[in-house]
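The sequence and the structure are shown first.

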Amino acid sequence: MDSDSLYYSLELVAGSGHTLTVEQRTALQTSLVILKKNYNFHRVLFWGKILGLKEDYFIAQGRGEDEMQDKKNLYSFNCMDWLLLPPATDSMIETVSRAAKGRFTGDPSHVYEYVEIHRQGERDEEEVVTKLNEESRLAVTVHQIDEEVSVVPRGAFIKSPHGLVQINRSFGGLSHSEARKLDNFFHFSKPKNLKKKSILELGDLNPAIDFLDVLTGDIPEGSWSLQFECAGKVCVLRSLSWLGLTFYHVPMTPQHGYIYIGDGSKNLDLPFML
């Protein structure tokens, strides 16, 4: 959610039971403005909070000219001092899937170890130890949540003929009837299912705004909960795959955003719960 409307946005997603203290909100309002100036970001979003055993990680995301490509993630313990997270690579993602287990500790220098036994012949065995620090795990977790469950309403972003993704200044919000349909909400990540559509389906799409994957294509089906809250004035989407991800949109206005407050673990039992 945008740092310029943080106070207002947090009230709209408070129905999930997750919120921030007054001290944390006040610190974020000041520090995110300084962060935007120091890193020359076009805008700064408060991404959310990942809960740890000792300390919690507060995550901020800076956006550049291209909203999709120019993204940098930062973390903090006190909402004032921010540290840059490394970009998540394929090798990091693979290592995290093997080595990282259990809850976050809250110590970025904590090392996870994974021992893999390679057999050479019948008797010869070789132990390979894979090590990973928690800062890398945090970077991968934020990247995975962004890739899988970051949400925007249809038309909120526009893609230029040169491939530049920017905020659509003429976006006035979805109508109340449109906001009740899940296919009017997109994943804000590189499309994966768009190329699988037929020529007839692509013919009905506007390439300037329909360049992202719709939520209705998610597997398993039923992994999103759509509700209207605040006397029916706010559309709220909650992910059942990553519990703690809450998206809001106020129909007939351009106001929208999402926040994640959770322990950073995916709900792998979801297919058996539906």
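## Local features of the predicted model

Asp2 lies in the segment that comes before helix 1 (6–12). The structure is a predicted model. A polar atom of the Asp2 side chain is placed 3.0 Å from the backbone nitrogen of Asp4. When neighbours within four places in sequence are left aside, the contacts of Asp2 are Arg43, Val44 and Leu45.

**Nonpolar cores**

The largest nonpolar core has 30 residues, and the members that touch the most other members are Trp47, Ile50, Leu138 and Phe185. Two or more residues of this core come from each of the following elements: strand 1 (43–50), strand 2 (57–63), helix 3 (90–99), helix 4 (134–149), strand 12 (234–239), strand 13 (245–249) and strand 14 (256–262). The greatest contribution to this core is that of helix 4, which supplies six residues.

Trp47 may be considered in more detail. Its contacts, with neighbours within four places in sequence left aside, are Ile59, Ala60, Gln61, Val142, Ile145, Asp146, Tyr258, Ile259 and Tyr260. Another core, of 24 residues, lies apart from the largest one; Val13, Leu28, Phe41 and Tyr248 are among its members.

**Backbone geometry**

The peptide bond that joins Ile219 and Pro220 is cis, with omega at about 0°. Pro220 belongs to the loop between helix 6 (199–203) and strand 11 (224–229).

Where is Cys230 placed? Cys230 is in the loop between strand 11 and strand 12. Its phi is near 55°, a positive value in a residue other than glycine. Ala231 is also found in the loop between strand 11 and strand 12, and has a positive phi of about 60° although it is not a glycine.

The relative accessible areas of these two residues are listed below.

| Residue | Relative accessible area | Class |
|---|---|---|
| Cys230 | 41% | partly exposed |
| Ala231 | 77% | exposed |

The class of each residue follows from the cut-offs. Exposed means over 50% relative accessible area and buried means under 20%, with partly exposed in between. Cys230 has 41% and is therefore partly exposed, whereas Ala231, at 77%, counts as exposed.

Notes:
Residues are numbered from 1 along each chain as its sequence is written. This is a predicted model: local features need pLDDT of at least 70, side-chain atom pairs count only at pLDDT 80 or more; totals for chains, interfaces and linings use all residues. Side-chain values use heavy atoms; hydrogens and water are left out. Helices (H or I, at least four residues) and strands (E, at least two) are DSSP runs, numbered from the N terminus. A polar contact is a pair of N or O atoms within 3.5 Å; within protein, one must be able to donate a hydrogen and the other to accept it, and residues adjacent in sequence count only if both atoms are side-chain atoms. Contact means heavy atoms within 4.5 Å. A nonpolar core is a set of buried Ala, Val, Leu, Ile, Met, Phe, Trp, Tyr and Cys residues joined through side-chain atoms within 4.5 Å. Buried means under 20% relative accessible area, exposed over 50%, partly exposed in between (1.4 Å probe, protein chains only).
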